[in-house]
Structures are given as structure tokens and as C-alpha cells.
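Please read the following note with the model open beside it. The points begin at the interface and then turn to charged pairs within the chains.

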There are 2 protein chains.
Amino acid sequence: VFEEQPASALSAHPFDQAIALTPHGADTFSGHTSPAYWNMVGPFGGISAAVVLNAVMQHASRLGEPVSLTINYASAMVPGVFTVSARAARTNRSTQHWIVEVFQTSQAGAQETVLTACAITAIRRDTWGVNDMPMPPVPAPQDVARQTVDVPLEWLKRYELRMVNGKMPSTFDGLENGGALETASLTQVWLRDEPPRAPDFCALAAFADVFYPRVYLRRPSPVPVGTVSMTVYFHASRADLAACGHGYVLGQARGQVFRDGFFDQSAQLWSESGTLLVTSLQIVYFKE
Amino acid sequence: VFEEQPASALSAHPFDQAIALTPHGADTFSGHTSPAYWNMVGPFGGISAAVVLNAVMQHASRLGEPVSLTINYASAMVPGVFTVSARAARTNRSTQHWIVEVFQTSQAGAQETVLTACAITAIRRDTWGVNDMPMPPVPAPQDVARQTVDVPLEWLKRYELRMVNGKMPSTFDGLENGGALETASLTQVWLRDEPPRAPDFCALAAFADVFYPRVYLRRPSPVPVGTVSMTVYFHASRADLAACGHGYVLGQARGQVFRDGFFDQSAQLWSESGTLLVTSLQIVYFKE
């Protein structure tokens with residue numbers, strides 16, 4: 001399928017290959033799932049978020065830069081081709097509202113929705129501003145041990161993760177993590193693409209989903225989990241992104257509540273120099 | 001237009017009247033904007049969220065209860081009728097993915113998108129759970145003064161607000177709110193419908209948008225503002241809602257970052273007895 005893909009797919013980087021889309025008319029693109037970003041029973045949710053956002057970024061009618069993205073994981077995708085429909089439902093003077101839907105063809109030949117999403121792009125203007133979520137005090141990335149991948153998840157090999165706090169428990173004993181509620185499900189991690197890649201908006205969308213499930217930290221038990229919806233707000237300008245270079249991004253994630261089969265995850269991403277790039281909220285299904 | 005509306009519109013409560021929808025075929029509803037919930041240049045964003053969710057709730061094919069709702073405010077609505085398209089893009093065994101779009105007819109006769117939304121409903125099951133965001137220590141609602149409405153916003157009269165912390169500044173001097181970053185844009189408020197109404201999922205969606213713009217607290221300056229996207233996660237079961245009765249709900253909201261014309265707002269809602277009902281994130285446009 002790679003023969004059909006545009007020049008960007010020729011980038012050596014697996015991220016660019018994974019999110020590459022081929023246009024078919026104004027509002028339709030096709031792509032192919034990436035074995036390099038495979039998770040347990042489907043693609044890594046972050047790569048799907050990046051694909052959806054990339055359809056908006058590649059759209060000829062796009063106005064401005066991403067402000068928000070909500071992606072809903074309707075079904076695990078199967079390996080193979082998919083179709084992306086990306087439509088500007090409303091274009092204002094400085095904001096634009098997108099509805100995105102991703103389809104795969106079932107074995108029976110039916111076109112089935114596997115992802116839904118909405119996004120807003122906008123022309124952002126310089127204003128007064130303040131960051132009330134400064135980067136927490138953490139050691140430099142070079143002073144934090146790199147995580148070795150000991151689980152059979154291909155996508156994890158695509159990220160360099162240096163866990164500052166809240167690393168994945170090694171024992172899944174089903175016991176609740178004691179201690180302060182503020183930190184009982186808190187993970188702080190330095191991260192970047194492997195190999196390093198200067199982050200763009202699509203990379204940030206993927207980074208927002210890089211945290212392992214909060215329930216595994218809060219009550220380590222090997223229960224099935226899956227993100228059902230993720231919202232990502234982009235606070236970074238292109239200049240902020242350019243300033244990231246190949247540096248690390250600090251990610252922080254925490255669950256606020258776990259109940260009746262779902263938990264949420266509040267997350268932030270900062271550049272290595274402390275610029276708050278992204279705030280995010282997601283809701284995740286878990287069993288038992 | 002009220003003659004066309006279903007039995008629920010006959011409820012004396014203005015909230016029920018405002019969210020009332022008339023079905024037109026499987027996936028289409030019509031409604032009418034409510035003067036009772038009018039904001040500055042359009043309806044209160046919370047009532048639009050409630051309308052959108054109500055289309056899902058009223059849909060004959062709905063599976064389960066709301067888990068997530070993202071609403072995007074594409075354009076200020078004009079007074080009058082609107083059309084809601086609510087479509088189940090995917091129905092799984094226990095989750096269902098909705099795409100909702102709200103239209104109004106322009107003066108030129110064109111059907112224009114004014115709201116887009118996506119929602120997930122699910123059959124929730126009893127599981128292990130823990131609340132890591134307990135209700136903050138606040139005085140009882142009866143011990144907090146009721147806010148008097150001194151701004152000409154009709155929708156504010158539809159809520160009883162008792163501001164615990166972070167009330168709207170009386171002087172808009174453009175000076176940054178000093179003090180700790182954690183509380184510089186923090187509001188905690190007891191709230192309920194006026195007149196009291198036992199909250200349902202639609203009411204919670206509206207409650208999530210009841211906070212005045214965080215920028216007005218963080219740097220009181222009379223700048224134009226408007227929510228562009230709001231995500232609401234529902235953690236409450238029907239039993240949790242029933243337990244609320246006509247009691248108050250505690251709302252908490254805080255901005256994480258203000259930059260380049262947008263700020264975000266992280267929010268939580270608890271029942272009077274301390275059950276975390278909702279977590280939410282929204283992003284708001286501001287000028288200057």
C-alpha cells in the first residue's frame with residue numbers, strides 16, 4: 001500500500017509513515033494501519049489520534065492551527081486500509097470546526113465506523129497569557145533511567161520513555177496504591193519519539209495518549225482496558241513547536257475518578273524548557 | 001413553536017422547556033432557542049450542551065447512559081428554531097458512539113452548522129472504584145450567601161449560585177490575580193436549578209458550563225470570551241442522580257493555561273453528599 005502514499009510517507013521516520021494519508025477528492029483520504037504502532041488488539045490510540053488530526057492538517061481548506069481534538073475509539077481497528085472522511089462543518093473568520101470519521105470495510109463488505117472525531121482549528125493571535133500549570137520540579141531527562149520495554153507492545157518501541165514518577169508496577173497484585181490521593185495514580189515521564197523527531201501537532205496528539213492505563217497504577221490488576229474518548233487541547237504555537245527541536249517532552253497524567261467500568265485521565269505535556277504545550281482529558285473503559 | 005413540542009415540554013420547569021425536542025424521523029429533531037437561557041449573543045453554552053445530549057437521550061436507538069459528551073460551539077445561535085441531527089455512528093455490545101450536528105437556517109435560506117458534538121453512551125457495570133478527587137472542604141450551601149444577579153444575563157436567573165471561593169471580581173482593572181497558581185483562577189460554587197429541579201444527565205451537562213469565564217478571575221478585564229469546545233465525562237449512575245434529589249451540586253473550575261487567545265478550564269461537579277458526578281475540560285476563546 002505504500003506505493004499509493006504521498007511524499008511525506010517517504011520520510012524514514014515510522015511516525016510519518018504511520019500517519020501518511022492519500023487524498024481522494026476534497027474530504028476523503030485513505031491510509032493504512034501501521035504494524036510499527038500496533039497495540040494489543042489494534043493500533044496505539046495515540047497514532048489514531050495523529051492520523052485523524054493529520055487528515056485535518058492535510059485538508060486543502062484548513063484554516064489555522066489545531067486548538068482542540070476529540071477522538072472517540074468506536075472499535076478496535078483491524079490491520080489494513082482505512083478511509084478518513086474529514087469535513088469542515090463550519091468555517092468562521094478565525095475558527096474552523098471539523099467532523100472526522102474513520103471507516104474500515106468489514107469481512108462482510110460493510111463500511112463500518114471505527115473512529116469518530118471533532119476538531120477545531122483557529123488562527124491564533126498573540127495575547128496576554130499566563131501558565132498556571134508550570135512544569136513540576138523533576139530531574140533532567142538525562143538523569144532519569146530509560147524504560148526498557150518488557151511487554152510485547154510494538155508501539156512502545158516507538159517512544160523513548162524516562163519514567164520520573166509513577167512507573168508501571170512490576171507486580172499486579174490487585175492491591176490499591178496507598179498514599180496521597182494526588183499522587184496515587186500520578187505518572188511523570190520524559191518522552192520523545194524513537195528515533196527522535198521534532199514534534200508537530202500530530203506528534204503532540206499521540207504523546208497525549210502515551211501513558212499506560214492509570215488503573216494499572218492505582219490498583220495493579222491485569223484487567224482489560226481501552227480508551228473510549230480523548231480530548232486534546234493544543235496551547236503550542238508553531239514557534240513553540242520549533243523551539244522543542246529534538247528535545248524531550250515532559251508528560252504528566254493522573255486519574256481523577258475510577259467508577260463503574262470507566263476512569264478518567266487528566267494530562268499535561270510540557271516542552272523541555274517548560275512551555276505547557278498540551279492539556280488533555282480522556283476516559284477509559286476497564287473491566288472489573 | 002411550543003405547540004409542536006412533546007409532552008416533556010409541558011413541564012413547568014424552564015429547563016425542560018428549553019431542551020424540549022420534537023422528533024422528525026429517526027435521526028432528526030427540532031427545537032427552539034429559549035429566551036429564558038439567553039446569554040450575551042446566543043444561548044447559554046450549557047443549555048446547548050443539554051439540548052445536544054437530550055437528542056441522544058430521546059433517540060429511539062440509544063444504548064445505555066451517557067459517558068462522554070464533547071460539544072463544539074461553531075457559531076452563536078440566533079433566536080428561533082433549530083434542527084438537530086443525532087446519529088449512532090457505531091453501536092457495540094455495551095457502548096454507542098454518537099455524532100450530533102445542530103443547524104439553523106440563515107437569512108439567505110442556507111442550512112448552517114451552529115453546533116457539532118460527539119457523545120458516547122454505555123451500559124455501565126458495577127466495578128471496583130475509587131474517587132481521587134474528593135469534594136474539597138467547603139461550608140454547607142445554607143451557610144454560603146446566595147449570589148445576586150447584577151448582570152443582564154437571563155440564563156443566570158435560572159441558577160441558584162452560592163459562591164464559596166473565587167466569586168466574579170467587582171472591579172475589572174486588568175490586573176492579574178496574585179497568590180498561589182493553584183487558586184488564582186479557582187472558583188468553588190454550590191449550585192442548583194432555579195427553581196430547584198432534580199438533576200438528570202442533561203442538567204449535569206449544563207452545570208458543567210455554569211462557571212463564569214476563568215479569565216475574568218485570573219485577570220479581570222472586560223474582554224470578549226466564548227467557549228469553543230467543552231468535554232463532559234459523566235461518572236454518575238442513575239442511582240447517583242436519584243440520590244441528589246433537589247439538593248445542591250458543588251462545582252469547581254480552574255484554568256490551567258491562558259495563551260494566544262484561548263484558555264482552558266478543568267472542572268468537577270460533586271453531589272451534596274460528595275459523589276463525584278462529572279469531570280470536564282473546556283477551551284475558551286478570549287480577546288486581547
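Which residue's side chain meets that of A:Arg259 in a salt bridge?

1. The side chain of B:Asp240 meets that of A:Arg259, with an N to O distance of 2.8 Å; a salt bridge here is a side-chain nitrogen of Lys or Arg within 4 Å of a carboxyl oxygen of Asp or Glu. Between chain A and chain B the count is eight salt bridges, and a search of the whole structure over all chains finds 28.

2. A word on conventions: this is a predicted model, in which local features need pLDDT of at least 70 and side-chain atom pairs count only at pLDDT 80 or more, whereas totals for chains, interfaces and linings use all residues. Residues are numbered from 1 along each chain as its sequence is written, chains are lettered from A in the order in which they are written, and side-chain values use heavy atoms, with hydrogens and water left out.

3. The interface brings 68 residues of chain A into contact with 68 residues of chain B, contact meaning heavy atoms within 4.5 Å. The two chains bury about 5,900 Å² between them, 56% of it on carbon and sulfur atoms; this is the accessible area (1.4 Å probe) that two parts lose on being put together, summed over both. In chain A, the residues that lose the most area to chain B are A:Trp128, A:Asp132 and A:Arg259, together 14% of what that side buries.

4. Inside chain A, A:Asp16 forms a salt bridge with A:Arg197, the closest N and O atoms being 2.9 Å apart. A:Asp16 lies in helix H1 and A:Arg197 in the loop between strand S9 and helix H3, so the pair ties together parts that are 181 residues apart in sequence.

5. In chain B, B:Glu160, buried at 2% relative accessibility, meets B:Arg162 in a salt bridge of 2.8 Å and B:Arg192 in another of 2.9 Å. B:Arg192 in strand S9 and B:Glu160 in strand S8 are 32 residues apart.

Note on methods:
Helices (H or I, at least four residues) and strands (E, at least two) are DSSP runs, numbered from the N terminus. Buried means under 20% relative accessible area, exposed over 50%, partly exposed in between (1.4 Å probe, protein chains only).
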